[in-house]
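Let's take a walk through this protein together, from its strands to its charged side chains.

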Amino acid sequence: MQKGIKTELMQSVLEHFGLIVPITQEVLADIAASLNVETFRKGEIIVSPEDEDPKWYFIEKGLVRSYYHRGKTQITNLFLSEGSCVNIFEKYYLNQHSGLYLEAIEPTVLYSLERKDAHRLRMQYPSFAELHRRVLNKYMVIVQEHLDLLKFETAEARYERLLQRIPKILLRIPSIYVASYLGLTPETLSRVRSRLVRQSSDSE
């Protein structure tokens, strides 16, 4: 049963990222056999800067955020939901320290892939190597889009862009994390939401 769940998860990852990569059932089965299930309670830290065993994480159920500290303030820089995947780039690829945390916003079920297993799969299966490359490229695009959002968009435009991208997921995220992600104070986010609601009402 668990093997089937893992295989379905890998297929959902392909769909989540819009990736068309021909991967055989044999390869999917080998990937699934290499994954380890990990469960986390709401508010539990999945990865901290002190951890020294970098992994890829695939989300089967739940919601995760990535954040770092700026002084005493937590700055959220990424939200991840079912069918997505993530790692800490600096640790995983560069063996460098990172100040990033991964936290479960909801009760979460992850499947982790250790670096040595990912390396074996890349060497053994060209299709997995291509999947890895495309997921990594997509992940970097998402990070760059977030940086551009903070640099060039107004507060309203930031929120509207996020609302268009993750409308259902946005309802599950505490406002304080949404405000942090958008580079706004909670008060500013509240005003933005109120203005958009009024505009929507006036247009009806």
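What follows goes from the sheet and hairpin to the charges.

First, some housekeeping: this is a predicted model, where local features need pLDDT of at least 70, side-chain atom pairs count only at pLDDT 80 or more, and totals for chains, interfaces and linings use all residues. Residues are numbered from 1 along each chain as its sequence is written, and side-chain values use heavy atoms, with hydrogens and water left out.

Start with the open sheet of four strands, ordered β1-β8-β3-β6 with antiparallel pairing. The edges belong to β1 (36–40) and β6 (85–86); each has a single partner strand, so one side of each lacks a neighbour in the sheet. Strands here are DSSP runs (E, at least two residues), helices are runs of H or I with at least four, and both are numbered from the N terminus. Two strands count as paired if DSSP finds at least two bridges between them. Between β1 and β8 (residues 108–114) there are five bridges, and N36 sits opposite S112 in β8.

Now look at β4 (residues 63–70) and β5 (residues 73–81), antiparallel strands joined by eight bridges. Y67 has T76 in β5 as its bridge partner. Two residues lie between the strands of this hairpin, where G71 takes a positive phi near 65°. β4 also pairs with β7 (residues 101–104), antiparallel again, over four bridges, with R65 opposite E103.

Another positive phi turns up at N95, near 55°, and this one is not a glycine. Most residues other than glycine have a negative phi. N95 lies in the loop between α3 (89–94) and β7 and is exposed, at 61% relative accessible area. (Buried means under 20%, exposed over 50%, partly exposed in between, with a 1.4 Å probe and protein chains only.)

On to the charges. The whole structure holds 12 salt bridges, each a side-chain nitrogen of Lys or Arg within 4 Å of a carboxyl oxygen of Asp or Glu. One of them joins E130 and R134 at 2.6 Å, N to O. These residues are four apart in helix α5 (residues 126–152), which means about one helical turn separates them.

Which residue does E106 meet in a salt bridge? The partner is R172, at 2.8 Å, N to O. This pair links distant parts of the chain, 66 residues apart: E106 is in the loop between β7 and β8, and R172 in the loop between α7 (167–170) and α8 (175–182). E106 is buried at 19%, while R172 is partly exposed at 29%.
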